[in-house]
Amino acid sequence: MSKKIKFDQERYRVICSDHPELLPIFYQAWWLDIVCGATNWEVMLYEEDPEVVAVCPMFTKKRGPASYVTMPPLTRFAGPYFIREISEYKQHRILRKMAEAMPRWDGYAQTWHYQIKNWLPFRWQGFRQTIYYSFVIPDIADLEVVYQRLAPDYRNNKISKLTSRLTVREEADPSRFWDLFEAPFRRQGLKVPFNRSMLQKLGAACYERSSG
């Protein structure tokens, strides 16, 4: 079996189009096109013929002569992701190969998906890491069940007080969301780190795909 790493955005687009369920929303090609720009991201694929086993999309930027990888706006996760069920031992081996194949950027900063629990192969290549914790509720089909399973103190003292002051509604137009998002930046005299057009495109794309 041939095992290799390649940079192939077109094949990645096919995977996203034919099997969107394999990847989180932040990894979808359409999401990356909007938040990065279609020509400002690339993706590393780990392939075991005939299948792609792991992917690593990257938002690339330049500042003067320096080129680096960073997180796209509004994107929670990026970096390596396994799209097939494989053992932890095999994951470790694949991550080592991906780390070795990583281009020598002037800078690299990504927040990895919580699926990845072992970053040691990248440490061996000189990368540094900060641990973050993600709390995941895997099934939210029945919100009443989710609510009842929350810690009583949190449920009774925090959520009940909050819901008495909030109204939740669904809107297709993201303009109101922009106003709410921009307000704290405006109060502090700061610029929002992305433009309104990006948010509108992203909102429309998510709504079209029932993904937001």
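Lys-61 stands opposite Tyr-68 in β4. This pair belongs to a predicted model, in which strand β3 (residues 51-63) and strand β4 (residues 66-70) pair in the antiparallel sense. Five bridges hold that pairing on record.

**Around strand β4**
- The hairpin of β3 and β4 has two residues between the strands, and Gly-64 there takes a positive phi near 65 degrees.
- β4 also runs parallel to strand β6 (residues 107-108), joined to it by two bridges.

**A loop residue to look for**
- Thr-75 lies in the loop between β4 and β5 (81-82).
- With a relative accessible area of 11%, Thr-75 counts as buried, because the cut-off for buried is under 20%.
- Its side chain makes a polar contact with the side chain of Trp-31, at 2.9 Å.
- Beyond its neighbours within four places in sequence, Thr-75 is in contact with Phe-26, Trp-31 and Val-35.

**The nonpolar cores**
- The largest nonpolar core has 30 residues, and Tyr-12, Leu-23, Tyr-27, Trp-31, Trp-41, Val-55 and Ile-83 touch the most other members.
- Two or more residues of this core come from each of α1 (9-18), α2 (29-36), β2 (41-48), β3 and α8 (196-208).
- The biggest share is from α2, which gives six residues.
- Leaving aside neighbours within four places in sequence, Leu-23 is in contact with residues including Tyr-12, Val-55 and Ile-83.
- A second, separate core has 19 residues, among them Val-53, Cys-56, Phe-82 and Ile-86.

Note on methods. Residues are numbered from 1 along each chain as its sequence is written. This is a predicted model: local features need pLDDT of at least 70, side-chain atom pairs count only at pLDDT 80 or more; totals for chains, interfaces and linings use all residues. Side-chain values use heavy atoms; hydrogens and water are left out. Two strands pair if DSSP finds at least two bridges between them. Helices (H or I, at least four residues) and strands (E, at least two) are DSSP runs, numbered from the N terminus. Buried means under 20% relative accessible area, exposed over 50%, partly exposed in between (1.4 Å probe, protein chains only). A polar contact is a pair of N or O atoms within 3.5 Å; within protein, one must be able to donate a hydrogen and the other to accept it, and residues adjacent in sequence count only if both atoms are side-chain atoms. Contact means heavy atoms within 4.5 Å. A nonpolar core is a set of buried Ala, Val, Leu, Ile, Met, Phe, Trp, Tyr and Cys residues joined through side-chain atoms within 4.5 Å.
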